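Have a look at the picture, then read on.

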Amino acid sequence: MLTGSEMGVVDENAAALGVPRKQLMESSGHAVAQAVRTIADPGDQVTIVAGRGNNGGDALVAARFLDDYDLRVLLLGRPGAISTTIARENWDALQHAEYPTETVRDSSVLDLGTPDVVIDAMLGTGIAGDLREPAATAAQAMNESGATVLSVDVPSGLDAETGRLADNAVDADHVVTFHDTKPGLPDLDVPVTVADIGIPDAAELFIERGDLTRLERDLTSHKGDNGEVLVVGGGPYTGAPALSAQAALRSGADLVRVACPAIVAREIQSYSENLILRPFDGDQLAPPHVDRLAELAADHDTLIVGPGLGDADATLDAVADLLSGFEGTAVVDADALSVIPDIETDAELICTPHQGELLGMGGETAEDWQERADLIESFAAEVGQTLLVKGPYDIISNGERTRVGRTGNPGMTVGGTGDVLAGVTGALAAVQDPLDAAAIAAYTVGSVGDRVIDDRGYGLVATDLLDEIPSVLWQREAEP
Ligand SMILES: NC(=O)C1=CN([C@@H]2O[C@H](COP(=O)(O)OP(=O)(O)OC[C@H]3O[C@@H](n4cnc5c(N)ncnc54)[C@H](O)[C@@H]3O)[C@@H](O)[C@H]2O)[C@@H](O)CC1
Ligand SMILES: [K+]
């Protein structure tokens, strides 16, 4: 089952893999025509009612596969108002080939006649709420006709995010949906055909630019709404927590605080005036600090534990205590990872080991990335948490779903890039599901590294990555 927006991610990922949406539309249209053949005989009257989006576009393609039928093609609205290039191109093709098309500018004069089959291609995954005019009147006409109604993708008026069917929705007799079923379709109690439209499995496995479409920023949001992140790090090292914290800010978090030993607080602050420091006594994290850190962590959307903490016994004891009592979402990186096999927690953890650290946690790895992905999926299921295992192919799994990131390059084996990744993951986990946050973070940091190397060649340092994060995260491809 895929929601409309998940379908949008997959479709944009397919485009990134070289299978553009117009090709998918051609497959969709073909599948619609195939379905018509199963419910109507050659010569029967088939009427297409197309909306101005890509749902309509699918049916405009279908028209070219329905030459054996007595075909009528109605467009709801002006051709100039067709909202996507690919739907318009398919409309134009019907004009050039002199198909019998009509435009319905005023739904009150819509005369559906008495067709054998009506193809409902008014609205698909692009809609929410009750049908507005002219679709509302057209839906009523379809529902009152004696025709068999075949809906494209979803009955117009079904919200493919929530599965809610509008009161004035089309009453479908048959649905042809694409790639996977959609919310609400199983409840309709009508035959649903799920058509394979040629989207490669890779579009769901590999993290590509479509995954970035999950990101949005509410235009009316206030400080804090886009994430408050607490980094618990520093002591033996000072650069690592500063890199994580700055990466979290560059990933869109509103407020990032660094809790660190007092002895290094000024040094960490000196790297950036954007950071807020929350020092605790002494020169390293230890169990007496845990109560105060737990209180502080509870006031944040996500916690990042590990960068620069070191591996002193007292520090690892404190990390184990902190995570055991924590109930929120935490990114666990670096030396902190070693405590994971020994603790029980209600927290939602995203662990970001490289392969060596994965072995240290009790996991297994393999040379072949597919084998590695299987091993990591099993281990994630065993640990009951999300793993982001870094490597030439980053493997992200929560034990049920597994994603693979292919961005990045050998220039990124330099120190500090993992701290940047932990920071991006922590910021995104404040506003996304843990698996999606980890997947987008891995893709983004790799892409940022690729851009830096493309511009300047090897010799990348971790601070180079920070400024480039926003331009990758918020890049947007134009709608075809
Ligand atoms: N995402 C994918 O992977 C693919 C999608 N395809 C098709 O594209 C469809 C989605 O296309 P679009 O995103 O262009 O959207 P739609 O074609 O579903 O509808 C968009 C139009 O509906 C209007 N609208 C929104 N809410 C409304 C309401 N309550 N009442 C009346 N009008 C309303 C909008 O103003 C917009 O013009 C899918 O359902 C499917 O049929 C296929 O072509 C192939 C692949
Ligand atoms: K439809």
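## Starting with a parallel sheet

Strand S1 (residues 45–50) and strand S2 (residues 70–76) run parallel and are joined by six bridges. To pick out one pairing, Val46 has Leu71 as its bridge partner in S2. Keep in mind that what you're looking at is a predicted model.

Those two strands belong to an open sheet of seven strands, ordered S3-S2-S1-S4-S5-S6-S7, with parallel pairing. At the edges sit strand S3 (101–104) and strand S7 (192–195), and each of them pairs on one side only. Going from one strand to the next, the twist averages 20 degrees.

## Stepping back

How many helices and strands does the protein have? There are 15 helices and 16 strands. The C-alpha trace spans about 85 × 40 × 40 Å along its principal axes.

The protein has 480 residues, and buried ones make up 50% of them. Now take the contacts between residues at least 6 apart in sequence: 70% of these join residues at least 24 apart.

For Ile350, the bridge partner in S14 is Thr386.

An unreviewed UniProt entry carries the annotation "domain: YjeF N-terminal" for residues 7–205. That span is 33% helix and 18% strand, and its end C-alpha atoms lie 13 Å apart.

Gly8 is a handy residue to look at, sitting in helix H1 (residues 4–16). Why does Gly8 count as partly exposed? It has 17 C-beta neighbours inside 10 Å, and a residue would need 20 or more to be buried, or 12 or fewer to be exposed. Gly8 and Thr125 are 117 residues apart along the chain, yet their C-alpha atoms are separated by 8.9 Å.

## Around ligand 1

Which residues come nearest to ligand 1? Of the 30 residues around it, the answer is Asp11, Gly53, Asn54, Gly124 and Gly126. The elements giving two or more residues to this shell are H1, helix H2 (21–39) and helix H3 (54–64).

H3 provides the largest share of the shell, with five residues.

You'll find Gly418 in helix H13 (residues 417–429). Is Gly418 buried or exposed? It counts as buried because it has 24 C-beta neighbours inside 10 Å, where the cut-off is 20 or more.

So what does Gly418 touch? Leaving out residues up to four places away in sequence, Gly418 touches Asp333, Ala334, Thr352, His354 and Lys390.

Terms used:
Residues are numbered from 1 along each chain as its sequence is written. Chains are lettered from A and ligands numbered from 1 in the order in which they are written. This is a predicted model: local features need pLDDT of at least 70, side-chain atom pairs count only at pLDDT 80 or more; totals for chains, interfaces and linings use all residues. UniProt positions are given in the numbering used here, feature names are shortened, and annotations may be inferred rather than shown by experiment. Helices (H or I, at least four residues) and strands (E, at least two) are DSSP runs, numbered from the N terminus. A residue is near a molecule or strand if its C-beta atom, placed from the backbone, lies within 6 Å of it. Two residues are in contact if their C-beta atoms, placed from the backbone, lie within 7 Å. Two strands pair if DSSP finds at least two bridges between them. Axes are lines fitted to C-alpha atoms, for helices over the stretch in contact, and angles run from 0 to 180 degrees between N-to-C directions.
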